[in-house]
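Let's take a walk through this structure together. Keep the sequence and the 3D view side by side as you read.

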Amino acid sequence: MSSCHEPLAESIACPNRTTTTSITACNTTSNMQSEAPPCSKVPTVDVGDLGAHHAEEPCQQEWERVTRELEQAFSDIGCAYLTGHGVPDHLINEMLSTGVAFFKQQEEVKIRWAKDTNLHGYIKMNSERFAGAGPELHEGFVFNPACYGPYNEEVPLFMTLLVPLHEFCRTLSRRLMTCFALSVGKNRDYFVNMHQDSGTKNSLSSYRLNYYPLASGDQEDVVGFGAHTDYTTITLLFSNDSKGLQVHDSAGQWVDVPYVPGTILLLAGEFLHFHSYKRFKAPMHRVVVPSEYQPGRLHRVTFGFFDHPDSHQPMWPPSEDPTSPAPPNAKDYFVAKMHKAVELVSKK
């Protein structure tokens with residue numbers, strides 16, 4: 001790490017750790033990964049002692065290693081598979097399976113949880129359009145862990161998993177943000193301090209489940225979610241064993257991002273892109289559901305932790321030119337983008 005970086009915590013003896021992180025190679029693994037990822041341009045980063053299950057302060061060498069590997073990945077393609085993340089598999093699997101059970105219910109049951117004025121709740125099929133070019137066939141459910149608790153008599157089953165899951169995701173997110181702050185030469189708490197409301201009712205940070213229909217086999221590939229960038233600082237994305245996610249690489253090509261067991265996909269959002277002075281890329285990504293028939297193929301279901309800055313934070317650093325307009329705050333920027341997605345459907 002360069003000398004401009006904020007000094008890390010007091011140096012602690014750290015065991016040697018050897019990892020292999022590949023940007024373009026196939027069949028490459030880190031020591032923490034049980035099987036080789038499919039051929040992909042998306043790198044793999046072992047977060048090691050920064051994983052959410054480690055209570056102890058990671059040693060200096062570990063902070064530096066993970067920071068260096070994330071910097072390489074996010075300067076190139078803006079996303080990475082994470083191994084050693086520490087989020088328990090059973091919580092991930094339960095969230096996905098209970099999400100599927102919810103979406104398979106009748107519409108009249110799901111609509112009871114229709115999206116509210118805080119942009120939380122159920123999103124019915126074909127009610128959002130992010131790319132503006134045609135139907136985007138997905139259902140969704142957005143929820144903030146602070147907005148639901150034991151005082152609710154009846155909530156979808158997946159919400160009951162939020163308390164333990166959020167603790168792991170929040171811990172992991174804070175450690176990753178520390179790495180990104182160090183990478184751009186800021187104080188280690190630079191990004192963390194912009195997320196003080198996370199986990200409260202005032203926070204924009206949320207979880208979102210998405211569910212995609214299977215193509216019928218007699219049509220072209222279906223757009224499940226149109227091409228977009230996230231408006232977050234970072235996104236942690238979990239999925240079942242299904243195809244469809246693609247990211248735009250630095251060459252302008254759509255690249256498949258296959259499911260890799262035991263990993264989380266980490267993506268940079270626009271807030272991180274702007275506040276790194278565009279050093280880190282916020283990748284354009286989409287979901288395309290393949291049309292070819294495959295017996296036993298699963299419906300694609302994902303859930304993500306979308307970690308947004310506090311509502312009042314400027315979406316990008318203010319210009320030194322006093323005549324330049326002030327940047328919008330994070331809440332106004334996010335709400336405008338979400339309203340536009342709904343308006344595109346109403347204008348079809």
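What follows looks at confidence, then a sheet, then a pocket.

This is a predicted model, where local features need pLDDT of at least 70, side-chain atom pairs count only at pLDDT 80 or more, and totals for chains, interfaces and linings use all residues. Residues are numbered from 1 along each chain as its sequence is written, and side-chain values use heavy atoms, with hydrogens and water left out.

The protein chain has a mean pLDDT (the predictor's confidence in each residue, from 0 to 100) of 83, and 81% of its residues reach 70 or more. Over residues 1-13, though, the pLDDT is below 50. Where pLDDT is low, the predicted coordinates should not be read in detail.

Now for the sheet. It's an open one, with 4 antiparallel strands in the order S6-S11-S8-S9. Strands are DSSP runs of E, at least two residues long, and helices are runs of H or I, at least four, all numbered from the N terminus; two strands pair if DSSP finds at least two bridges between them. At the edges sit S6 (222-228) and S9 (254-256), each pairing on one side only. Between S8 (residues 245-248) and S11 (residues 285-289) there are 3 bridges, and Val-247 stands opposite His-285 in S11.

S11 also turns up at the largest pocket, where S11 and helix H6 (330-346) are among the elements that each supply at least two lining residues. H6 gives the largest share of that lining, 4 residues.

How values were computed: Contact means heavy atoms within 4.5 Å.
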